[in-house]
Amino acid sequence: MTLHQNITTQDALIFTKRPANERGKADFGWLKSAHSFSFGQYYDPAHLGFGNLIVINDDLVAGGKGFGQHPHKNAEIFSYVLGGELEHKDSMGNGSVVSAGGVQYMSAGSGVTHSEFNPSQTDETRFLQVWLLPEVENTKPAYDTIDLTPTDKGGKLKLFLSKDGRYGSMKTQADASVYAATLKGDQVIEQELSAGRKAWVQVADGSVRVNGVALNKGDGLAIDGSGTLTFDQGQGAEFLFFNLAP
């Protein structure tokens with residue numbers, strides 16, 4: 001294993017850490033956000049995305065506040081709710097409220113408008129908002145939700161978004177498979193990363209190791225190469241794992 005700043009090389013795998021404290025920040029009072037990649041007023045040419053993953057925003061929204069109706073086109077967008085509730089309405093006629101542990105997903109395709117609000121007047125809502133690029137543009141817009149129980153993701157990677165909708169996951173137009181997991185105690189997860197793919201880990205809460213690389217809340221980890229990924233030493237850890245097109 002070799003180490004150089006935030007880069008770790010291990011056999012046929014290269015790990016590049018994206019520390020939480022180096023993310024872009026935004027504070028609008030009602031919204032506090034940390035950007036893993038360039039977004040809005042935050043621009044860093046070294047962090048424009050990773051493969052077809054272009055946005056990971058860690059958002060904290062005050063009670064009764066949110067994002068009014070606004071348009072999207074040719075983006076695969078999901079919100080992974082970590083605390084509170086998130087209310088969605090869109091121009092397709094969909095409306096739903098997703099609670100902590102749930103995910104709402106929208107394929108913007110040829111164009112859609114939507115809003116996202118915190119329906120509580122008192123409690124904050126925290127969620128990760130993620131954008132992926134679709135393989136084909138201008139497809140028919142779509143919306144879906146899924147609830148992930150603690151059992152679903154306890155000590156294992158739970159697939160919730162995929163290109164082919166396998167194992168009951170929501171189907172996306174992006175060439176990506178996205179998993180959620182929690183990890184604690186002596187739990188260990190192993191996952192193969194095939195040649196010709198990329199991977200990203202985003203830690204939502206707690207701490208975890210990936211092949212010996214220590215990650216804490218808010219940290220991201222870009223993974224290139226191929227081989228076995230081992231997740232261990234979780235302490236209240238909750239994270240997303242992305243298997244991405246090159």
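User: Which element gives the largest share of the lining of the largest pocket?

Analyst: β7 does, with four residues of that lining. β4 (24-27), β5 (31-35), β6 (53-61) and β13 (125-132) are also among the elements that supply at least two lining residues each. Strands here are DSSP runs of E with at least two residues, numbered from the N terminus. This is a predicted model, in which local features need pLDDT of at least 70 and side-chain atom pairs pLDDT 80 or more, while totals for chains, interfaces and linings use all residues. Residues are numbered from 1 along each chain as its sequence is written, and side-chain values use heavy atoms, without hydrogens and water.

User: What makes one space a pocket and another a cavity?

Analyst: The way out decides. On a 1 Å grid over the protein atoms alone, a cavity holds points where a 1.4 Å probe fits but cannot get out; a pocket is an open set with protein on both sides within 12 Å along at least five of seven lines. The largest pocket holds about 350 Å³. Of its 19 lining residues, F28, L31, H35, F39 and F67 are the closest to its centre. The largest cavity holds about 50 Å³. The search of the whole structure finds one cavity of 30 Å³ or more. Volume here is the space filled by probe spheres set on the grid points, which are joined across faces, edges and corners.

User: Which residues line the largest cavity?

Analyst: I77, F78, S79, H88, Q104, Y105, M106, H114, E116 and Y143 line the largest cavity. A lining residue has an atom within 4 Å of a point. β8 (76-83), β11 (102-107) and β12 (112-117) each give two or more residues to this lining. The lining counts five nonpolar, four polar and one charged. Asp, Glu, Lys and Arg count as charged, so E116 is the charged one in the cavity lining.

User: How do you know that β8 and β11 pair?

Analyst: Two strands pair if DSSP finds at least two bridges between them. Five bridges join β8 to β11, which run antiparallel; the pair therefore qualifies. F78 stands opposite Y105 in β11. Both residues line the largest cavity.

User: Why are β4 and β14 edge strands?

Analyst: The open sheet has seven strands in the order β4-β5-β6-β13-β8-β11-β14, with antiparallel pairing. β4 and β14 (142-147) each have a single partner strand, so one side of each is left without a neighbour in the sheet. Neighbouring strands are turned by 15° against each other on average, direction ignored.

User: Which strands form the other open sheet, of four strands?

Analyst: β7-β12-β9-β10 is the order, again with antiparallel pairing. β7 and β10 (95-99) are the edge strands, each pairing on one side only. β9 (residues 85-90) and β10 share five bridges. V98 in β10 is the bridge partner of L86.

User: Why is H72 called buried?

Analyst: Buried means under 20% relative accessible area, exposed over 50%, partly exposed in between, with a 1.4 Å probe and protein chains only. H72 has 11%, so H72 is buried. This residue lies in strand β7.

User: What makes the link between H72 and H114 a polar contact?

Analyst: A polar contact needs a pair of N or O atoms within 3.5 Å; within protein, one must be able to donate a hydrogen and the other to accept it, and residues adjacent in sequence count only if both atoms are side-chain atoms. The side chains of H72 and H114 are joined at 3.3 Å. H72 also contacts the side chain of H70, at 3.1 Å. H114 is one of the residues lining the largest cavity.

Methods
Axes are lines fitted to C-alpha atoms, for helices over the stretch in contact, and angles run from 0 to 180 degrees between N-to-C directions.
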